[in-house]
Amino acid sequence: MKPVLNVNGLKLARGSREILRGVDLAAGAGEIVALMGLSGSGKTTILRVIAGLEPYGAGSVAAERAGMVFQAHHLFEHLSALANVMLAPVQVARVSRADAEQIARKWLGELGVAHRADALPRELSGGEAQRVAIARALAMEPKLLLLDEPTASLDPARRNELGAALRALATSGRTLVLTSHDDDFVREWATRVLVLAEGRVVEEGDPRRVLADPRHPATRELLQVEHARKRN
């Protein structure tokens, strides 16, 4: 089966600083691929390159149409949740407002926030805003969904709800690539994990194996830092 995403030898530099140093990444339909690494390892930059938001210096990126969900959500504060989700279908895809509303209500419903359709972003909880942002990305029917630290503002109960929602999307045939610092979430919900250090993939595999028995020093350091953060 042809991968939905195929990244080969990806390199990116900012001035004299090398951010990505030859990253390879492939993902197929139904996968939830997690990118982990310490701050500065390049994981968010990879998402931005795949989404077409950042130019790269060398390598190749072949991807199906992608939707991206940013860590800060970036919802339009003057628009309701429903209007935020409708915006791209109407303005970009030239879908009629009636059809765009039907699409928006479908995704808000599937993500459990249909009852918040009329709420403004400032009236939403962190978890609700996250789901509205995901609905907005899905409204354009991408085969590939990119999520930057989707659990950053969520408590444990909301993280599990999000994980179940993401798994349902993967089961329906979508491909998800996300960055995360949350090893518990990745272990529970991802199908594969890639650990990055200094712009390279240093370890890859089943999250339950990689995070339980890390073989690379960078993976062990990452887990030590995250466990220390949780204790504090």
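I take helices (H or I, at least four residues) and strands (E, at least two) as DSSP runs, numbered from the N terminus.

**Ground rules.** I am reading a predicted model, where local features need pLDDT of at least 70, side-chain atom pairs count only at pLDDT 80 or more, and totals for chains, interfaces and linings use all residues. Residues are numbered from 1 along each chain as its sequence is written, and side-chain values use heavy atoms, with hydrogens and water left out.

**Entry 1, Leu-147.** I looked up Leu-147 and found it in strand 6. Is Leu-147 buried or exposed? Leu-147 is buried, with a relative accessible area of 0%; buried means under 20%, exposed over 50%, and partly exposed in between (1.4 Å probe, protein chains only). I then listed what Leu-147 touches, not counting residues up to four places away in sequence: Leu-47, Val-69, Ile-134, Leu-166, Leu-176, Val-177, Leu-178 and Thr-179. Contact here means heavy atoms within 4.5 Å. I also checked Gly-9, which is 138 residues from Leu-147 in sequence and 22 Å from it in space, C-alpha to C-alpha.

I traced an open sheet of six strands in the order 5-6-7-3-8-9, with mixed pairing. Strand 5 and strand 9 (200–205) are at the edges with a single partner strand each, so one side of each has no neighbour in the sheet. Neighbouring strands are turned by 20° against each other on average, direction ignored. Two strands count as paired if DSSP finds at least two bridges between them. Strand 3 (residues 32–36) and strand 8 (residues 192–197) pair in the parallel sense over four bridges, and Val-33 stands opposite Arg-192 in strand 8.

Helix 4 lies across strand 5 and strand 6 (144–148), running at about 165° to strand 5. For these angles, axes are lines fitted to C-alpha atoms, for helices over the stretch in contact, and the values run from 0 to 180 degrees between N-to-C directions.

I found another open sheet, with three strands in the order 2-1-4 and antiparallel pairing. Strand 2 (17–27) and strand 4 (58–63) are at the edges, each with a single partner strand, so one side of each lacks a neighbour in the sheet. The twist averages 25° from one strand to the next.

I picked Ala-13, found in strand 1 (residues 5–14). Ala-13 is partly exposed, with a relative accessible area of 48%. Ala-13 stands opposite Glu-18 in strand 2. Leaving aside neighbours within four places in sequence, Ala-13 is in contact with Glu-18 and Ile-19. The C-alpha atoms of Ala-13 and Pro-55 are 42 residues apart along the chain and separated by 9.7 Å.

**Entry 6, helix 1.** Why did I note helix 1 (residues 43–50) as largely enclosed by the rest of the structure? Six of its eight residues are buried. The buried residues in helix 1 are Lys-43, Thr-45, Ile-46, Leu-47, Val-49 and Ile-50. Gly-52 follows helix 1 and has a positive phi, near 80°.

**Entry 7, the largest pocket.** I looked up the largest pocket and noted about 380 Å³ of space in it. Of the 17 residues that line this pocket, Gly-67, Met-68, Ala-88, Arg-136 and Ala-137 are the closest to its centre. On a 1 Å grid over the protein atoms alone, a pocket is an open set of points where a 1.4 Å probe fits, with protein on both sides within 12 Å along at least five of seven lines; lining residues have an atom within 4 Å of a point. Grid points are joined across faces, edges and corners, and a volume is the space filled by probe spheres set on the points.

Strand 5 (66–69), helix 2 (81–91) and helix 4 (126–138) each supply at least two residues of the lining of the largest pocket. The lining divides into 12 nonpolar, three polar and two charged residues. Ala, Val, Leu, Ile, Met, Phe, Trp, Tyr, Cys and Pro count as nonpolar, Asp, Glu, Lys and Arg as charged, and the others, Gly among them, as polar.
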